[in-house]
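Student: Hi! Could you walk me through this structure?
Tutor: Happy to, let's look at it together.

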Amino acid sequence: MLQQLVNGLILGSVYALLALGYTMVYGIIKLINFAHGDIYMMGAFMGYFLINSLKLNFFLALIVAMIGTAILGVAIEFLAYRPLRHSTRIAALITAIGVSFLLENLMVYFVGANTLPFPQVVQTVRFNLGPITVSNIQLMILGISIFLMLALQFIVQKTKMGKAMRAVSVDSDAAQLMGINVNRTISFTFALGSALAGAAGVLIALYYNSLEPLMGVTPGLKSFVAAVLGGIGIIPGAALGGFVIGLLETFATAFGVSDFRDAIVYGILIIILLIRPAGILGKNVKEKV
């Protein structure tokens, strides 16, 4: 059970990184960015080509992939979402699904649909700590994920742009009247969320030693579930939801029901939403008609 707890925390940290992107974008413009899982896939492929073709070391490739996915996220927001900002939510949602299919099929066209092996640039070393066995790659994934989550919390709470993000999420019109550049703030939010997704893609590709153009579909959906579970629009809630989903999956495997782990995750989501519709950390807000 202790081993599964450790495995669940490591998997959950990746889901948490992805869920943070969902929750930040929703908190700012009330959009469910279903292309977010495919940005995670693009980050994995960026890391693959940086290591395989340019022979960069892993950590430098991780940073460059985060920058690349941040630029991609800003481009998607500028080209696909900004023109629809004042249209209906369903139009923006359909556009997000369209962007998702576009990224997937572009990668299938350029690299093929087959699974590729990710370069093993980090030598695996296993540590036996009593009943628990962990590898240096698992510890690295957990450490990098927690560092990025703490860095995000610092940016949101302590920096000028973070204060602008919080102001826009509360009332974008009032924030604009106070001199905040709303478009720049929204673009910065997409850049932050996409950079976290890119980091998650590189880390998980290294962990599983594989990547393919559809690798972001299932983790993207589960991370959306994690964001809703923790409380959509709440950053600590997204992180908590990611860890909860990771633990649920690993314990489902431990109890021999791995074939039903996805059903268990979505079933728990339904139960939580029936009990607490706003999520674990969310608050029910009454809207005046």
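Student: Which helix does S187 lie in?
Tutor: S187 lies in helix α8. Helices here are DSSP runs of H or I with at least four residues, numbered from the N terminus. A quick note on the source: this is a predicted model, where local features need pLDDT of at least 70, side-chain atom pairs count only at pLDDT 80 or more, and totals for chains, interfaces and linings use all residues. Residues are numbered from 1 along each chain as its sequence is written, and side-chain values use heavy atoms, with hydrogens and water left out.

Student: Thanks! Is S187 buried or exposed?
Tutor: S187 counts as buried, because its relative accessibility is 12%. Buried means under 20% relative accessible area, exposed over 50%, and partly exposed in between, with a 1.4 Å probe and protein chains only.

Student: And what is S187 in contact with?
Tutor: Leaving aside neighbours within four places in sequence, S187 contacts V74, E77 and R82. Contact means heavy atoms within 4.5 Å.

Student: How do α6 and α8 cross?
Tutor: The axes of α6 (residues 160-170) and α8 come within 10 Å and cross at roughly 105°. Axes are lines fitted to C-alpha atoms, for helices over the stretch in contact, and angles run from 0 to 180 degrees between N-to-C directions. The two helices, α6 and α8, are therefore roughly perpendicular to each other, a label for angles of 65 to 115 degrees.

Student: Which residues make that contact?
Tutor: From α6 there are M161, A164, M165 and V168, and from α8 there are V182, R184, T185, F188, T189 and L192.

Student: Switching topic, which residues touch the most other members of the largest nonpolar core?
Tutor: Y40, F58, I76, Y81, F118, L152 and L211 do, in a core of 86 residues. Helix α8 (residues 182-208) gives the most to this core, with 15 residues. A nonpolar core is a set of buried Ala, Val, Leu, Ile, Met, Phe, Trp, Tyr and Cys residues joined through side-chain atoms within 4.5 Å.

Student: Where does L152 lie?
Tutor: L152 lies in helix α5 (residues 136-158). L152 is buried, with a relative accessible area of 3%.

Student: What does L152 touch, then?
Tutor: Not counting residues up to four places away in sequence, L152 touches L20, M24, L192, L196 and I235.

Student: Last one: how far apart are L152 and Q123 in space?
Tutor: They are 29 Å apart, C-alpha to C-alpha, and 29 residues apart in sequence.

How values were computed
Angles under 35 degrees count as roughly parallel, over 145 as roughly antiparallel, 65 to 115 as roughly perpendicular and the rest as oblique.
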